[in-house]
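This report looks at the pockets of a protein model and at the surroundings of its ligand.

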Amino acid sequence: MKLILAIIQDKDSNRLSSKFVKENIRATKLSTTGGFLKEGNTTFIIGIEDERVQKALEVIESVCQSREQYMTSPISVDAVVDSHLNVPIPVQVGGATVFVLPVESFHQF
Ligand code: 2BA
């Protein structure tokens, strides 16, 4: 068994939840925050048999899109003088960041 942690954009989370249900992939959804953009994203926890990991990855890849987001650099005293520093910077946010971990044991009581 494996544990998949998939960090995705909020915009894709409802579609991904629905696709998981359709494919009988069990998942738990967490509201999370990216450390860099400090914006909300969604993390799915998926416990899954080894032979179905590939299917889960394909579902994630098919639903989650990469998008460009803009971040504004923090305002400093210099930035007030040098106002061009406040121009939003484009950041490419991935469709999904996925970790696959081994599971030592699994219990449901
Ligand atoms: P954030 O940390 O908010 O990062 C959003 C996007 O900003 C990243 O997209 C990346 O394009 C950029 N970015 C992040 N850190 C950067 C840095 N130090 N310098 C320059 N650009 C930077 P993704 O790489 O697609 O990541 C999307 C979200 O996935 C991240 O949101 C974070 O929540 C999570 N993530 C990505 N890599 C991770 C990792 N190695 N461990 C844990 N979480 C990760």
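## Pockets and ligand shell

In this predicted model, the largest pocket has a lining of 18 residues, and those that lie nearest its centre are Gln-9, Leu-37, Asn-41, Gln-69 and Val-93. Two or more residues of that lining come from each of strand E1 (2-9), helix H1 (10-22), strand E3 (40-48) and strand E5 (89-93). The volume of the largest pocket is about 330 Å³, and its lining divides by class into six nonpolar, nine polar and three charged residues.

The second largest pocket holds about 270 Å³ of space and is lined by 14 residues, with Met-1, Arg-26, Gly-47, Ile-48 and Phe-106 lying nearest its centre. Strand E3 gives the most to this second lining, namely four residues. Seven residues in the lining of the second largest pocket are nonpolar, four are polar and three are charged.

### The ligand and its shell

Which residues surround the ligand? The shell consists of Ile-7, Gly-34, Gly-35, Phe-36, Leu-37, Asn-41, Val-91, Gln-92, Val-93, Gly-94, Thr-97 and Phe-99. Among the elements, E5 and strand E6 (96-102) each supply at least two residues of the shell, and the largest share, three residues, comes from E5. By class, the shell around the ligand has six nonpolar and six polar residues, but no charged residues. Leu-37, Asn-41 and Val-93, which belong to the shell around the ligand, are also among the residues that lie nearest the centre of the largest pocket.

The ligand on its own has 750 Å² of accessible area, of which the protein covers 51%.

Taken together, the elements link these sites in part: strand E3 gives two or more residues to the lining of the largest pocket and four residues to the lining of the second largest pocket, while strand E5 gives two or more residues to the lining of the largest pocket and three residues to the shell around the ligand.

Methods. Residues numbered from 1 in each chain as written. Predicted model: local features only at pLDDT ≥ 70, side-chain atom pairs only at ≥ 80, totals over all residues. Heavy atoms only, no water. 1 Å grid on protein atoms, 1.4 Å probe; cavity = no way out; pocket = protein on both sides within 12 Å on 5 of 7 lines; lining within 4 Å. Points joined across faces, edges and corners; volume = space filled by probe spheres on them. Nonpolar A, V, L, I, M, F, W, Y, C, P; charged D, E, K, R; others polar. Near = heavy atom within 4 Å. Areas by Shrake-Rupley, 256 points an atom, 1.4 Å probe, with all protein chains shown as cover.
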